[in-house]
Structures are given as C-alpha cells and as structure tokens.
Amino acid sequence: MQISSSARAAKPSKGAAKPSPAAQVIEELRPGQSIELLKELHILTREGKLNQDTRRKLKQVYHLYQFIEPLLSEVAARKAGFTLADHGAGKSYLGFILYDLFFNVAHAGEPMDGHVYGIETRAELVDKSRSLAARLGFARMSFLNLTVQEATTSAELPSTVDIVTALHACDTATDDAIAFGLAKGARHMVLVPCCQAEVAGVLKKSRALSLAKTPLAELWRHPLHTREFGSQITNVLRCLQLEANGYQVTVTELVGWEHSMKNELILASRPAQPQAGKTRAAQARLREVLDELGLGELTARFAVQAEPA
C-alpha cells in the first residue's frame with residue numbers, strides 16, 4: 001500500500017502514544033489466535049514479533065486457510081467427526097495453524113467434532129509435533145510416523161478421510177497424496193506441488209522417438225524446456241487424473257510470485273452427484289495425453305479408474 005507524501009510528512013502529536021509491540025503483533029494476527037503456538041513454530045520471536053521470512057510464511061498459511069476453511073465447514077456441517085490428513089507434514093505448520101484458526105478462533109466455544117492427522121516420515125519431527133500438541137491442549141490432533149503408502153492401510157487412520165492436504169510436496173509425493181485421497185474416498189483434496197522431476201525424466205528418455213512422432217516434441221527438445229514443460233504437464237496430468245476419478249478441479253495461485261515460485265494450488269472436490277459423462281471424457285483425455293506425449297509408462301502413476309457401469 002502506498003503512503004502519500006503528506007501522510008509521510010505528518011508527525012505525531014507530542015501527546016500521541018507509540019503503539020506497543022504487543023499491539024503491533026495483534027494487527028498481524030487473528031483475535032484469539034495462539035501466541036504460544038506461533039512462538040513454538042518460530043513464526044513469532046520470543047518478543048512476539050514477526051520478521052520478513054516468518055511474515056511471508058504466515059501469509060501463505062493464512063491464504064491457504066481461506067481455501068480450506070469452507071471445506072472444513074462443509075464437511076463439519078455434513079457429518080460428525082470429520083477428518084483431515086496432512087501429508088508431508090514436516091513441522092506441521094499447516095496442521096497446527098488450521099487447527100488453531102478453525103477450532104480455537106472461528107468456532108471458539110462451539111461443539112465442533114473433528115480430527116487433524118499429520119503424516120510425516122521423519123520421526124524426530126513427529127515426536128516434536130506430538131509434544132507441542134499435548135502442551136497446547138490440541139486434543140484433536142494426531143501425528144503419525146508413516147509413509148503415504150503405509151498410511152493408506154494403517155489402522156491408525158480411519159477407513160475414510162474427508163480432506164487431504166499436501167503443501168509443497170516434492171516430486172512424486174503429491175501423486176502419493178492423490179493416491180491416498182483416492183483410496184480413502186476423500187471429498188476434498190488441497191495440493192501445492194513442488195519440484196517435479198519424474199515426468200521430465202521420461203520425456204528426456206523418449207525425446208528422439210517423440211521428435212520423430214510429433215512436432216509437439218519441440219516443446220521439450222531443449223533441456224531447460226524439458227524441465228519446465230515436464231513440471232507443467234505433471235500438474236496437467238494430475239488435474240486430469242482427479243477429473244478422471246470424478247472430482248471437480250480448480251487451479252489457482254497460492255500467493256503472489258514474490259513469495260514463492262512454487263505457487264500452484266490444485267483444489268479438487270467430489271460432487272454430491274456423480275457426473276459420469278464428464279468423468280469418462282476426462283479418462284479418455286488422460287489416456288490420449290499420455291499416449292501423445294510418449295508417457296505410457298506413467299499410466300499407473302496417473303491411474304485411471306475403470307469406467308463406471
């Protein structure tokens with residue numbers, strides 16, 4: 001926001017009190033938000049301040065919450081005991097702040113019944129998250145030291161999960177989260193992919209054959225274009241995969257480019273009424289794109305379910 005020259009030139013009156021550090025912090029946060037949590041996540045300093053890096057991280061999580069909160073409200077209104085599984089949870093910034101903003105801020109004092117699962121392969125991060133949740137009294141949170149594949153069949157998770165999130169999941173981790181969501185019949189998936197290399201590798205391997213087959217291979221003939229096109233087509237295939245499995249998909253920006261180059265947000269929701277015609281059309285397009293680009297070996301990765309009877 002720009003400030004006019006007159007506003008910059010204005011001086012506070014002698015009797016005007018300077019805002020306290022606490023007041024400055026409150027302007028950045030939501031009323032009722034846990035200050036202790038933000039300090040533990042190192043989003044706030046010990047003095048309760050934000051620095052440039054943590055302000056950026058907080059802005060990203062807030063922006064993502066704007067997309068997820070309506071999904072949480074929808075499933076909470078539809079059923080008791082809704083569930084959210086966050087894959088590649090890391091230090092569980094997302095899970096903790098979602099929990100705090102939804103249960104402790106937006107629905108403070110209301111009888112809300114739901115559970116947030118953080119799934120992470122690094123045991124030390126899982127232990128730290130468990131300890132923090134216990135200290136803060138976040139009773140509806142669990143942290144599991146599992147791979148995505150293990151989580152799909154683990155008895156520690158319910159047979160169905162309402163919402164699946166994967167924030168900055170690198171390379172094939174986003175695909176694993178999608179596979180988990182499909183296996184668990186997720187109503188919604190919220191995905192922010194990162195650092196995709198698998199498709200680019202297949203494109204590179206089959207480049208000569210593709211150039212002989214189609215002039216479209218010029219899109220990935222040069223190594224730099226191979227990497228960029230591979231990343232782009234990976235997310236296109238993911239969206240088609242979700243549509244081929246009955247989801248409605250929206251793709252948008254997470255935050256402005258000045259905050260993150262890994263900026264694509266994929267929102268997928270399963271409609272209440274199946275749309276078999278659209279699902280079959282997406283299945284056909286997915287097969288055609290894989291074939292046209294010489295990516296047939298990735299058919300299992302971007303699994304297409306059998307056509308509905």
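The model is predicted, so local features need pLDDT of at least 70 and side-chain atom pairs count only at pLDDT 80 or more, while totals for chains, interfaces and linings use all residues. Residues are numbered from 1 along each chain as its sequence is written, and side-chain values use heavy atoms, with hydrogens and water left out.

Although Ser92 is not a glycine, its phi is positive, at about 65°. Ser92 has a relative accessible area of 2% and is therefore buried. Here buried means under 20% relative accessible area, exposed means over 50%, and partly exposed lies in between (1.4 Å probe, protein chains only). His42, in the loop between α3 and α4, also has a positive phi, near 60°, and is a residue other than glycine. His42 counts as exposed because its relative accessibility is 58%.

## Overall composition

The protein contains twelve helices and seven strands. Of its 309 residues, 44% count as buried. Contact means heavy atoms within 4.5 Å. Among the contacts with a separation of 6 or more, 74% are between residues 24 or more positions apart.

How many of the six residues of β1 are buried? Six of the six are, so β1 is largely enclosed by the rest of the structure.

Two strands pair if DSSP finds at least two bridges between them. Six bridges link β1 with β2 in the parallel sense, and Asp86 is placed opposite Gly118 of β2. A crossover is right-handed if, with the strands pointing away from the viewer, the path from the first strand over the helix to the second runs clockwise. β1 also runs parallel to strand β4 (residues 163–170), to which four bridges join it; in β4, Thr165 stands opposite Asp86.

## From β2 to β3

Strand β2 (residues 114–120) and strand β3 (residues 141–145) run parallel and are joined by five bridges. The chain reaches β3 from β2 by way of helix α6 (residues 123–136), and this β-α-β crossover is right-handed. One of the bridges pairs Val116 with Met141 in β3.

## Helix α4

Helix α4 spans residues 52–78, which is 27 residues, and extends 39 Å from its first C-alpha to its last, close to the 39 Å expected at 1.5 Å a residue. The expected span is 1.5 Å times one less than the number of residues. At Phe67 the helix bends by about 35°, and a proline, Pro70, follows within four residues. This bend is the angle between axes fitted to the seven residues ending there and the seven starting there.

The buried residues of α4 include Leu58, Val61, Tyr65, Ile68 and Leu72. An α-helix has 3.6 residues a turn, so residues three or four places apart point the same way. Gln60 also belongs to α4, and it counts as buried because its relative accessibility is 14%. Gln60 and Leu254 are 194 residues apart in sequence, but their C-alpha atoms are 7.1 Å apart in space.

## The nonpolar cores

In soluble globular proteins, nonpolar side chains tend to be buried together. A nonpolar core is a set of buried Ala, Val, Leu, Ile, Met, Phe, Trp, Tyr and Cys residues joined through side-chain atoms within 4.5 Å. Which residues have the most contacts inside the largest core? They are Phe96 and Ile97, in a core of 42 residues. Elements giving two or more residues to this core include α4, β1, α5 (93–106) and β3.

When neighbours within four places in sequence are left aside, the contacts of Ile97 include Leu37, Leu41, Leu58 and Val61. A second, separate core has 23 residues, among them Leu157, Ala186, Leu191 and Leu242.

## A cysteine after β5

Cys195 is found in the loop between β5 and α9 (198–205). Cys195 is partly exposed, with a relative accessible area of 39%. Its C-alpha atom is separated by 7.5 Å from that of Ser231, 36 residues away along the chain.
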